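Please look at the sequence and the structure shown here. The briefing that follows is grouped by topic.

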Amino acid sequence: MADTLWWVGVHGGAGESTMSLLLPGTRAANHRWPIPPPPVPTPVILVARTNGSGLRAAQRAAIEWASGVVQGVAVLGLVLIADAPGRLPRVLDDFADIVGGGVPRVWDIPWIEEWRRGEAPTPDNTPDEVFEVLESIYALRASNPADYPAPY
């Protein structure tokens, strides 16, 4: 299980289960840090919505990881899923930049109306931008396990 990529939703409704459906072989961590078998770091991607409370939750998770409190976890990055259609208000966009500075990389997922209505993600209702994010994550994950960023 140490080589399993985990999605950690940092708040309820973040989208971790949706992301796990889209990338086979990955698992949703149910809003908890996975318990890794030592000594191999468990790869994790944080997931949050782009509203104020989602970004604050992502910031708390990044701080918790960076502080070293979470052992045996390699945070590969943060997926930010749009909480509404359109551009983020400037204050949220600026805050997302600040939060993103606390993790190795950030990926953005656009607003998807079908997902809001409760439709399961499919190739027909998933924009190309999402597949580009997933390809990037897959390539990162497959590149070299020794390159996982270690906790600070």
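Strand β4, helix α3 (residues 90–100) and strand β5 form a right-handed β-α-β unit. Right-handed here means that, with the strands pointing away from the viewer, the path from the first strand over the helix to the second runs clockwise. Helices (H or I, at least four residues) and strands (E, at least two) are DSSP runs, numbered from the N terminus. The model is predicted: local features need pLDDT of at least 70, side-chain atom pairs count only at pLDDT 80 or more, and totals for chains, interfaces and linings use all residues. Residues are numbered from 1 along each chain as its sequence is written, and side-chain values use heavy atoms, with hydrogens and water left out.

**The sheet**

- Five strands make up an open sheet in the order β2-β1-β3-β4-β5, and the pairing is parallel. Two strands count as paired if DSSP finds at least two bridges between them.
- The edge strands are β2 and β5, each of which pairs on one side only.
- On average, neighbouring strands of this sheet are turned by 25 degrees against each other, direction ignored. For such angles, axes are lines fitted to C-alpha atoms, for helices over the stretch in contact, and the angles run from 0 to 180 degrees between N-to-C directions.

**Strand β4 in detail**

- Strand β4 covers residues 73–81, and nine of its nine residues are buried. Buried means under 20% relative accessible area, exposed means over 50%, and partly exposed lies in between (1.4 Å probe, protein chains only).
- β4 runs parallel to strand β3 (residues 42–49), with eight bridges between them. V44 has V75 in β4 as its bridge partner.
- β4 also runs parallel to strand β5 (residues 106–109), and four bridges join these two. L80 has D108 in β5 as its bridge partner.
- A right-handed β-α-β unit is also made by β3, helix α2 (residues 52–66) and β4.

**Two residues and their distances**

- L78 belongs to strand β4. Its relative accessible area is 1%, so L78 is buried.
- L78 and R105 are 27 residues apart in sequence, and their C-alpha atoms are 6.4 Å apart in space.
- A66 lies in helix α2. A66 has 25% relative accessibility and therefore counts as partly exposed.
- A66 and L76 are ten residues apart along the chain, and 12 Å separates their C-alpha atoms.

**Pockets**

- The largest pocket holds about 330 Å³ of space. A pocket is found on a 1 Å grid over the protein atoms alone, as an open set of points where a 1.4 Å probe fits, with protein on both sides within 12 Å along at least five of seven lines; lining residues have an atom within 4 Å of a point. Grid points are joined across faces, edges and corners, and the volume is the space filled by probe spheres set on the points.
- The largest pocket is lined by 19 residues, and those closest to its centre are T50, A82, L88, D93 and D108.
- α3 and β5 are the elements that give two or more residues to this lining. The most comes from α3, with four residues.
- The lining of the largest pocket has eleven nonpolar, three polar and five charged residues. Ala, Val, Leu, Ile, Met, Phe, Trp, Tyr, Cys and Pro count as nonpolar, Asp, Glu, Lys and Arg as charged, and the others, Gly among them, as polar.
- The second largest pocket holds about 160 Å³ of space. Its lining has 15 residues, and R49, I81, I112, W115 and R116 lie nearest its centre.
- By class, nine nonpolar, three polar and three charged residues line the second largest pocket.

**Positive phi in a loop**

- Most residues other than glycine have a negative phi.
- N30 is not a glycine, yet has a positive phi of about 55 degrees. N30 sits in the loop between β2 (26–28) and β3, and is partly exposed, with a relative accessible area of 46%.
- H31 is not a glycine either, and has a positive phi of about 65 degrees. H31 is in the loop between β2 and β3, and is partly exposed at a relative accessible area of 42%.
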